Amino acid sequence: MPSIFDSPAVRYGISLVNAGVIAAIAIVLLTGTIRWVALGIAALEVIVTPQILKHAD
């Protein structure tokens, strides 16, 4: 039975939703350097999470 993570749309969709939440929190609640750190984490989320989920079985 194929895994739900076989679909690139699911992998990137999960990643984009998570990154959107992180970015929204960063923009609304954080200031200064910590805001940029959180936005960097959101960017890494979009890049790294789909690669990790690709290997999930």
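Tutor: We begin with the overall fold and then turn to one residue. This is a predicted model, in which local features need pLDDT of at least 70 and side-chain atom pairs count only at pLDDT 80 or more, while totals for chains, interfaces and linings use all residues. Residues are numbered from 1 along each chain as its sequence is written, and side-chain values use heavy atoms, with hydrogens and water left out.

Student: How many helices and strands are there in the protein?

Tutor: Helices (H or I, at least four residues) and strands (E, at least two) are DSSP runs, numbered from the N terminus. Here the protein has 2 helices and 0 strands.

Student: What box do the C-alpha atoms of the protein fill?

Tutor: Taken along the principal axes, the box is roughly 45 × 15 × 10 Å.

Student: Is L53 buried or exposed?

Tutor: Buried means under 20% relative accessible area, exposed over 50%, and partly exposed in between, using a 1.4 Å probe and protein chains only. L53, which lies in helix α2 (residues 32-54), has a relative accessible area of 15% and is therefore buried. Of the 57 residues of the protein, 19% count as buried.

Student: Which residues does L53 touch, not counting residues up to four places away in sequence?

Tutor: Contact means heavy atoms within 4.5 Å. With residues up to four places away in sequence not counted, L53 touches F5, R11 and I14. As for I4, which is 49 residues apart from L53 along the chain, the C-alpha atoms of the two are separated by 9.8 Å.
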